[in-house]
Amino acid sequence: MTRSRITGIGFHVPPRVVRNADLEKMMDTSDAWIIERTGIRERHYADPGVGSSALGLEAARRAIADAGRESGDIDFIVYATTTPDYMFPGNGVLLQHELGLGHIGALDVRNACSGFLYALSVADAFVRIGRYRCVLVVGAEVQSTGLDLTTRGRDMAVLFGDGAGAAVVEPCQAPQGILSWALHAEGALAKELWCEAPSSMVPGRVTPEMLEAGRHLPTMNGRQVYKNATTRFPEVIEEVLRDAGHTLEEVALIVPHQANQRIGDAVAARLQVPPEKVFQNIQNYGNTTAASIPIALTEARDAGLVKGGDLIVLAAFGAGFAWAGCAMRW
Ligand code: COA
């Protein structure tokens with residue numbers, strides 16, 4: 001049976017590093033608080049004028065080179081971002097143009113932190129039905145321009161960073177390839193982690209009052225997110241393994257969306273796997289939303305933690321709430 005697999009991965013983060021000590025100068029927070037509650041030590045911020053599409057372009061180029069392909073080989077794009085350059089059109093078409101890809105299709109996905117896995121599932125389905133043969137999947141975000149970098153926004157501001165990751169998905173034969181995936185959502189909790197404006201319900205999309213109140217910036221109920229994340233991550237990891245006919249003992253590495261080191265540690269504890277089986281690099285990047293899984297996967301692979309033939313599981317949880325998992329044989 002034809003399967004799909006990731007044949008190339010890559011990532012790119014903007015060069016400007018923002019350490020916890022830099023945030024201490026902008027808001028009432030401390031390096032100690034941030035490290036204790038989140039594990040984050042530093043993150044990268046894009047400079048003004050650099051959007052998520054520019055970061056995604058660089059990540060895409062690296063993934064294409066890693067796959068041993070050329071841009072012209074790509075026949076479809078699935079692009080996950082919560083922070084596109086424009087309200088419309090999406091980043092997918094911008095990337096299609098930048099890569100000089102003529103008239104190939106480009107689909108945008110906006111499932112926030114689960115965006116990369118939702119996008120990967122679409123690529124997998126298209127490749128398996130034989131419709132496309134070389135799909136580029138991108139997750140890219142510039143969160144920094146949407147953060148309230150004052151004490152008012154400190155709960156969100158310390159968590160997020162900018163970055164992009166990408167993967168090339170192509171056909172393969174068993175035993176390699178994507179074995180199973182699961183996509184879930186719970187819209188009843190949409191407003192627990194959301195950004196209200198710009199809104200189509202509002203004439204002019206945003207009012208001066210909304211701007212004054214910061215309603216154009218993301219907000220969250222941190223405890224609600226934490227509670228749900230620590231339940232949904234283990235659930236979906238076990239689900240995709242069950243569907244694939246495998247067990248946790250066979251898994252070489254779990255690569256979760258990087259939301260918070262405490263969440264990653266709690267997931268390892270709930271699954272009763274050693275902490276080193278759950279890859280975490282949030283210390284250096286913060287939460288980069290749709291970009292975090294491809295960034296983490298690239299670093300894990302480059303560190304030799306993901307090798308040919310390994311069974312690995314990717315998992316995500318975030319705004320929506322939406323969560324997802326994917327089991328694959330590397
Ligand atoms: N620096 C210092 N103090 C901060 C702070 C910051 N950056 N952010 C919040 N605080 C304060 C709060 O105001 C509160 O003060 P109070 O006790 O005087 O009211 C105190 O710290 C504790 O806040 P609380 O929200 O109870 O902390 P917490 O232990 O729940 O940790 C999070 C907060 C955000 C780290 C935690 O809830 C979390 O990780 N949630 C998940 C977030 C997430 O992953 N979001 C993205 C999902 S994809």
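Here is a short briefing on the ligand, its surroundings and some backbone features.

This is a predicted model, in which local features need pLDDT of at least 70 and side-chain atom pairs count only at pLDDT 80 or more, while totals for chains, interfaces and linings use all residues. Residues are numbered from 1 along each chain as its sequence is written, and side-chain values use heavy atoms, with hydrogens and water left out.

**Where the ligand sits**

- The ligand is found in the second largest pocket. On a 1 Å grid over the protein atoms alone, a pocket is an open set of points with protein on both sides within 12 Å along at least five of seven lines, and a molecule sits in it if more than half of its atoms lie within 2 Å of its grid points.
- Domain 1 (2-175) and domain 2 (178-329) both contribute residues to the shell, so the ligand lies between them. The domain bounds come from an automatic or database domain assignment.

**Who surrounds the ligand**

- The ligand is surrounded by 24 residues, and the closest are Thr29, Arg37, Gly222, Arg223 and Asn260; a residue counts if one of its heavy atoms lies within 4 Å.
- By type, the shell has 11 nonpolar, seven polar and six charged residues. In this scheme Asp, Glu, Lys and Arg are charged, and Gly is among the polar ones.
- Helix 8 (222-244) is one of the elements that give two or more residues to the shell, and with four residues helix 8 gives the most. Helices (H or I, at least four residues) and strands (E, at least two) are DSSP runs, numbered from the N terminus.

- Polar contacts are pairs of N or O atoms within 3.5 Å.
- For arginine 37, a polar side-chain atom lies 2.6 Å from a ligand oxygen atom.
- For arginine 223, a side-chain N or O atom is 2.5 Å from an oxygen atom of the ligand.
- For asparagine 260, a side-chain N or O atom is 2.5 Å from an oxygen atom of the ligand.

- The peptide bond from alanine 174 to proline 175 is cis, with omega near 10°; proline 175 is in the loop between strand 7 (163-173) and strand 8 (177-185).
- Glycine 320 and phenylalanine 321 are also joined by a cis peptide bond, with omega about -15°. Phenylalanine 321 belongs to the loop between strand 12 and strand 13 (322-329).
- Arginine 205 is not a glycine, yet has a positive phi of about 75°.

How values were computed: A polar contact is a pair of N or O atoms within 3.5 Å; within protein, one must be able to donate a hydrogen and the other to accept it, and residues adjacent in sequence count only if both atoms are side-chain atoms. On a 1 Å grid over the protein atoms alone, a cavity is a set of points where a 1.4 Å probe fits but cannot get out, and a pocket is an open set with protein on both sides within 12 Å along at least five of seven lines; lining residues have an atom within 4 Å of a point.
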